[in-house]
Amino acid sequence: MKDMQKDDIVGDYDEQSQTFSDGSSRQVFITQEETAFPAGCLIVSQTDVNGTITAANDSFITMSGYSREEIIGSPHAILRHPDMPAAAFADLWQTLQAGNKWYGYVKNLRKDGGYYWVYATAIPNVRDGVVKGFTSVRREPSKTKTAECKKLYSEMLN
Amino acid sequence: MSYNLAVSPDFKPDLISGWFIFNTWLQHQLDKAIHLEIHQGFDEQLQAIAAKKIDIIYANPYDISRLVRDEGFIPVAKPHAKPDEAVVVAAAEGDINTLQDLAVTANIAKTQARDVNNIGMILLEPADISPESAQFIECESYISVAKALINGKADVGFMLADAFNDLSPLVAKQLKPIVSSQIHLIHHAILLGPQLAEQHDVLASFLIDMHKTDKGKKILDDLGISHWEPMDVEEAEFMIDLMDTLAPKE
């Protein structure tokens, strides 16, 4: 996955190196700028079985900060914020690969280095008995739950 | 042999004559005897679906899931630019102005429209309100939801956006929207039962061209639909997956 670009970052940032489960790594630049979730909207995307984004709605484009051309064909992990523990995503993939629905509170990384919290649901797209990909829907999370998860994830990372 | 057409029970009462006229148009197009079956509520319609008494249906997003995946119905067409959105509504003169004004034990007036109710609960999640914490008042119709709010029996109510926008001015001015969904991807659709599968292409063709004749356009206008668009199986499957993600956590 491509490193983030400093020119895209808005505001003061910290630089970190992310390592993914496949061994690859990525330089990310993160700011403390939170983007509020637009009330009533849903962020919807679909990926293939490898987690490559195949479709995204307008809310996805707006909230991620990427253009549609940049997003389609990118790995879903492009949104992964370094404040999220790897165990959360391991649980997601294990749950989906077992054919089940996954729920979780997730801090996502924007192209500009900022972040937004979501309550995410992901399900396998089963067609004629075969998993063809995954659909993920993100909605506005409870602030109480977000605060709890922020603490929990911080403990998991330390 | 006669076939049965059903319409999701969440349609506005004043559209009933429009659906009878649509049924007559459909009979002429397909050259088949078709009976419009009006069900008194979602439970009655679900029983009719289970008893395989429905051959063609204008279904709501929640029922599309069961009809396509469990009963083998085939998607045919969807109304153009007519997504199903939900609105959380409160009394205009009440103390509830934002989600933050609601207690987690909020009294919620709702109908049996499960798609609207599921979306309504999602809209309340940022206020920590869950199906377990809230209290519910079951209503027969969206008008009953409005009455429960105006009479102070409920804090908020769930309504289909179309239904909210079509309330009479007298009722509408006594209510206010608190938050509305902007999903854009969920909608009603016409589905065909598996016993009529061979009629799919013919029916799709008639529906897609319906607005091109004066008579067809008038019928559609009366139903609040500009025209039909084709809907394939994958689009239905995508909507079903989406509805699945919106269902309450088990």
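1. Against which elements of chain B do the buried residues of α2(B) pack? They pack against β1 (2–7), β3 (56–59), α3 (61–69) and α4 (114–124) of chain B. Helices (H or I, at least four residues) and strands (E, at least two) are DSSP runs, numbered from the N terminus.

2. The model is predicted, so that local features need pLDDT of at least 70 and side-chain atom pairs count only at pLDDT 80 or more, whereas totals for chains, interfaces and linings use all residues. Residues are numbered from 1 along each chain as its sequence is written, chains are lettered from A and ligands numbered from 1 in the order in which they are written, and side-chain values use heavy atoms, with hydrogens and water left out.

3. Helix α2 of chain B spans residues 42–50, and F42(B), Q45(B), L46(B), A48(B) and I49(B) are buried there. Buried means under 20% relative accessible area, exposed over 50%, and partly exposed in between (1.4 Å probe, protein chains only). The five residues lie on the same side of α2(B), because they cover an arc of only 160° around the axis; the arc is that of the directions from the helix axis to the C-beta atoms. An α-helix has 3.6 residues a turn, so residues three or four places apart point the same way. After α2(B) comes K52(B), with a positive phi near 55°.

4. Chain A contains 4 helices and 7 strands, arranged along the sequence as β-β-β-β-α-α-α-β-β-β-α. Its radius of gyration is 15 Å, in agreement with the value near 15 Å for a compact globule of 158 residues. This radius is taken over C-alpha atoms, and the globule rule is 2.2 Å times the number of residues to the power 0.38. Of the 158 residues of chain A, 51% count as buried.

5. Position 128 deserves attention in both chains. D128(A) has a positive phi near 50°, lies in the loop between β6 (115–127) and β7 (130–139) of chain A, and counts as exposed at 81% relative accessibility. D128(B) has a positive phi near 65°, lies in the loop between α4 and β7 (135–138) of chain B, and counts as partly exposed at 28% relative accessibility.

6. Grid points are joined across faces, edges and corners, and a volume is the space filled by probe spheres set on the points. Among the 16 lining residues of the cavity, G40(A), C41(A), L42(A), I122(B) and L123(B) lie nearest its centre. The largest share of this lining, 3 residues, comes from α4(B).

7. The largest pocket holds about 1100 Å³ of space. It is lined by 41 residues, and P9(B), D10(B), F11(B), K12(B) and P13(B) lie nearest its centre. The second largest pocket has a volume of about 840 Å³. Of its 37 lining residues, H76(A), A77(A), R80(A), F89(A) and W93(A) are the closest to its centre, and α3(A) gives the most to the lining, with 6 residues.

Conventions:
Contact means heavy atoms within 4.5 Å. On a 1 Å grid over the protein atoms alone, a cavity is a set of points where a 1.4 Å probe fits but cannot get out, and a pocket is an open set with protein on both sides within 12 Å along at least five of seven lines; lining residues have an atom within 4 Å of a point.
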